[in-house]
Amino acid sequence: MADVKRLNYFTSQFLVEKDFTDEQGYHMNMRRRHNQLLHTWGIADGGLQVTKSADKIIGISSGMAIDKDGRELVLLDAQSKDLTAFGSNADVYITAKYEEVFDAGDHYTVGGIDNYTRTTERPLVEAGTTVPVNDGSVIVLAKVKLDGGGTIGSVDSTVRKIAGSAIDPTVNLAANSLSVTGNATVTGNVGIGTTTPSHKFHVVAADAVGLFESSGGQAYLRLSTNEGLGNRVEITNSPGGRLSLWTAGGGDVFNITKDGKVGIGTPTPGFSFDVTDRMRVRQGPSGTAGIWMYQTAPNTDRAFIGMVDDDHVGLWGNTGVGWGLSMNTANGNVGIGAVTPKKPLHIVRNPGVPNPIVIEGAFASDSDAKALLAQLPANSLIVGGAWGSGLYFYWRDNQSASYRVILSGTAF
């Protein structure tokens, strides 16, 4: 049966090499066990910062980290790395891992003994283009971007993982007051005002459930997916109390000003609804696409601008006239009181009521005019330039007989 043992010293005890080795092993193993089980691996003190110190040289500051086995990586002196060998247009990862070495200054060769009096725990800081594993066996310090000339373009520190406290995911942590300095990592759901959170972040409160307050001139919340920050969206409280929805490709595409004006494509709407560029209204369950016009005093919709059917667009009067104006979207025929106009301008006093007036530009012949009359109700009148000369009036009575009147004169 394995047990944890530590040395028990007493007077006149004779100690050998194994005793001292066991003493070192006890303390080292217990400390590493503590680090591994009660902490998460990563950079421990905010150190090990990577900065650009020359065009192709980076500096690594002193600091400490813990790896997945609980071993401490302690860098007491700053280091530098020359990245010239990696050429151009490359991503170079700066990493550190635990390593034990023997230094020449600790070499002991007295009395025929060849050994070292000290074991040096010195982190191995490396640079490479291979993406490091993310299992804690190595600690990523930064990703350095080399440009087309091999010069350091940027140092990305967001790839760093910060060490923290480990909490059993089956344990619910409850506190009346909790203060965190630095980063906090939580596995599971976080509940505020509830002991049974159903989401990663679950707040239960009366009315005002939270406050995100910026110390700058604007406050925004970034929403990102596995597509990366290049496809993120942001909800922003912009200067002046303007609410905006920001996209990576369009900027502030949707805005609501402090006084309630809505702008699409413009951050400074001048009306209650202000749209930059063209807009589209689509057909839905109501039948056709369009916009209703509502008046406050009568407290009702008074007019409608939109599609009559698939082929006609029009103006609807909602107090009795119905489709007062209609245009055929294919041939341009316009109807006043005529929902489906037959000619460029087709006038009907009221839909379905006789005595319409149709004004035609010109007729090729009498038969052309009679063909049009045949499509219209009885007592219809057509006025137009004739196929000959003068102004012609064509009329069809209620017996389907057609008549023609010609007006002609001399120019003056």
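The model is predicted, with local features requiring pLDDT of at least 70 and side-chain atom pairs counted only at pLDDT 80 or more, whereas totals for chains, interfaces and linings use all residues. Residues are numbered from 1 along each chain as its sequence is written, and side-chain values rest on heavy atoms, with hydrogens and water left out.

The secondary structure of the chain comprises two helices and 34 strands, where helices (H or I, at least four residues) and strands (E, at least two) are DSSP runs numbered from the N terminus. Of the 412 residues, 23% count as buried, a class that means under 20% relative accessible area, with exposed meaning over 50% and partly exposed lying in between (1.4 Å probe, protein chains only). Among contacts (heavy atoms within 4.5 Å) between residues at least 6 apart in sequence, 32% join residues at least 24 apart.

Grid points are joined across faces, edges and corners, and a volume is the space filled by probe spheres set on the points. The second largest pocket holds about 580 Å³ of space and is lined by 16 residues, of which Thr-21, Gln-24, Thr-117, Arg-118 and Thr-119 lie nearest its centre. Helix α1 (17–38) and strand β11 (115–116) each supply at least two residues of this lining, and the largest share, eight residues, comes from α1. By class, the lining of this pocket has four nonpolar, seven polar and five charged residues, with Ala, Val, Leu, Ile, Met, Phe, Trp, Tyr, Cys and Pro taken as nonpolar, Asp, Glu, Lys and Arg as charged, and the others, Gly among them, as polar.

One cavity of 30 Å³ or more is present in the structure, and the volume of the largest cavity is about 40 Å³. Its lining is formed by Trp-41, Val-133, Asn-134, Val-138, Val-140, Val-159 and Lys-161, which divide into five nonpolar, one polar and one charged.

With a salt bridge defined as a side-chain nitrogen of Lys or Arg within 4 Å of a carboxyl oxygen of Asp or Glu, the count comes to 12 salt bridges. In helix α1, Lys-18 and Asp-22 lie four residues apart, about one turn of the helix, and their side chains meet in a salt bridge (2.8 Å, N to O); Lys-18 is exposed at 55% relative accessible area, while Asp-22 is partly exposed at 31%. Asp-19, also in α1, is buried yet has no salt bridge, the nearest side chain of opposite charge, Lys-18, being 6.2 Å away. Leaving aside neighbours within four places in sequence, Asp-19 is in contact with Leu-7 and Phe-14.

A further salt bridge is found between the side chains of Asp-103 and Arg-122 (2.9 Å, N to O). This pair links distant parts of the chain, with Asp-103 in the loop between β9 (100–101) and β10 (107–108) and Arg-122 in the loop between β12 (120–121) and β13 (124–128), 19 residues apart.

Technical notes. On a 1 Å grid over the protein atoms alone, a cavity is a set of points where a 1.4 Å probe fits but cannot get out, and a pocket is an open set with protein on both sides within 12 Å along at least five of seven lines; lining residues have an atom within 4 Å of a point. Lys and Arg count as positive and Asp and Glu as negative; His and the chain ends are not counted.
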